[in-house]
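My entries follow the display of the sequence and structure.

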Amino acid sequence: FEKTTYNSNSANGNDFSLGGVPSFDAIAGNTSISSYMDEIIAKNYFAILYLDYRDKYIFDGMFRYDGSSLFGSEARWNPYYRVSAAYRISEDITIPGIQEFKVRGAFGTAGQRPGFADQYEVMSISTGNVSKSQLGNKMLKPSLSKEWEVGMNIDFLSRFSLEAVYSNNTTTDQILSIPLAVQYGGWPSQVQNAGTLNSEVWEASLNVQAVKSKDFSYNFGFIFDRVRTKITELNAPPYQTGPQGQEANKCFYIREGEVFGAMYGYKFLTSLDELAQQLGETDDISNYVINSDGYVIAKGTEGTTSEKPIKKLNETGAVWYGKTGDSNPKFKLAMTNNFSWKGFGLYALLEWKNGGDIYNKSAQWLTRDDRHGMMDQFGKPDYLKKTLTYYKTFYDVNDFNDFWVEDGTYLKLREVSLSYTIPTSALSNFANGYIKGIKLSILGKNLYTITNYSGYDPEVATTDGTQYFSYDFMGYPNYRSFAASLELKF
């Protein structure tokens, strides 16, 4: 696009300029164009059996046989199945105060399909140069998840409803992009079935009919879940992974025996006891102190350009590298609230995530460019002021370290809606009776967040296309939104 300035003389002799008209030349950077077309062929054969005997013994079964062009040429077909059963105890036994008591169990299998290009050899072309990108795999098949689940449902005292579930899932043949050694002919990686994950999940919900009268009612509920996932087998050397666009810097470590979501990096010392374990015989711990930020530094350097936090070392004297965080929350808890009064309705949803670390890469990069807010020393007492070189130590040439690992706990007012339904009696003479109901509503989402996380939003979900990572890298926060609706019934 070419920006052109037009000048013309008006009747009164004044110049009229269009030089300020916006144009696309304000956009800097390279321009690219791409197109693609994928064709996926799949066939599925399945059979389902459902039995219900006297409304108290319930059985469900399914068998499925899947074939897909996404599977490797030597693994085109894969079987899956599920069986489940439930027993409504309250249909056989009368228990005072209990209206419904059901126990249930299930076992089943499922699979995650590979991506479109995962089974093929992939070449890359850049500026006319062709390079190897991915080695093909004719034996690539979907992952196989085997899950068993037990649960119960209880309705009691005519106002409480409780559901509790425990499930255990083992997923074998995980689809992973595995780095390859030099002897593989220059191919840097291959998608393989190379790992096993085990997940334990606890879930529970409680719904309460707290108040119910002619004009007013209030119901509330709680939804709880706790998930723990561990890498129980890895048929490949340990490796690092992370979101797309961060291929050179990945802080999530995949190795056998580790939880899925573990962060690895360097660590800065925060206690003199840690320092004592790595001091040499010629050094004295009295030469070190804890600074105002809680880090170990050389004595007498605080507030000067020589102030520098000290990294942890391992047994051999090399810089320690290990687990610095875990993105898995301790648990999640949501609370729903439903109020109604005459024609008015009010709904509110609160969500609490307890624990779960976030790697704040955005803050690390801001420190690189001297733009992080903590680097502004205006208004600080002299004894708390730091130099730019001090903060550059934490930037650490873009290496991952524990300084940027933050607690992602939050409490969110996720959603609030208010509605009013005009009584039917008020509509009897309206529009000749053609309109049977009118409901007005307003809705707000992501209204308020309470958190100690220093970034825009602790609800971080950066992806690599298959997995989500608690990794904050210049992403947009969840936006606050409002909506209004008018519902008419004819």
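I count two strands as paired if DSSP finds at least two bridges between them. By that criterion, strand β10 (residues 160-172) pairs with strand β13 (residues 195-212) in the antiparallel sense, over 12 bridges. I note that the model is predicted.

Entry on β9 and β10. I find 13 bridges between β9 and strand β10, which pair in the antiparallel sense. Gly151 has Val165 in β10 as its bridge partner. The two strands form a hairpin with 3 residues between them. In the turn, Leu157 has a positive phi of about 55°.

Entry on β6 and β9. I followed the pairing to β6, which runs antiparallel to strand β9 (residues 144-156) and is joined to β9 by 12 bridges. Here Glu147 in β9 is the bridge partner of Gly108.

Entry on β5 and β6. I record 7 bridges between strand β5 (residues 77-88) and strand β6 (residues 98-110), again in the antiparallel sense. Ala85 stands opposite Gly105 in β6.

Entry on helix α2. I asked which residues of helix α2 (residues 361-368) are buried. They are Lys361, Ser362, Ala363, Gln364 and Thr367. I then looked up what the buried residues of α2 pack against, and found β23 (357-360), α3 (388-395) and β29 (471-472). Just after α2, I note that Asp370 takes a positive phi of about 60°.

Key
Residues numbered from 1 in each chain as written. Predicted model: local features only at pLDDT ≥ 70, side-chain atom pairs only at ≥ 80, totals over all residues. Heavy atoms only, no water. Helix = DSSP H or I, 4+ residues; strand = E, 2+ residues; numbered from the N terminus. Buried < 20%, exposed > 50% of the residue type's maximum accessible area, 1.4 Å probe, protein only. Contact = heavy atoms within 4.5 Å.
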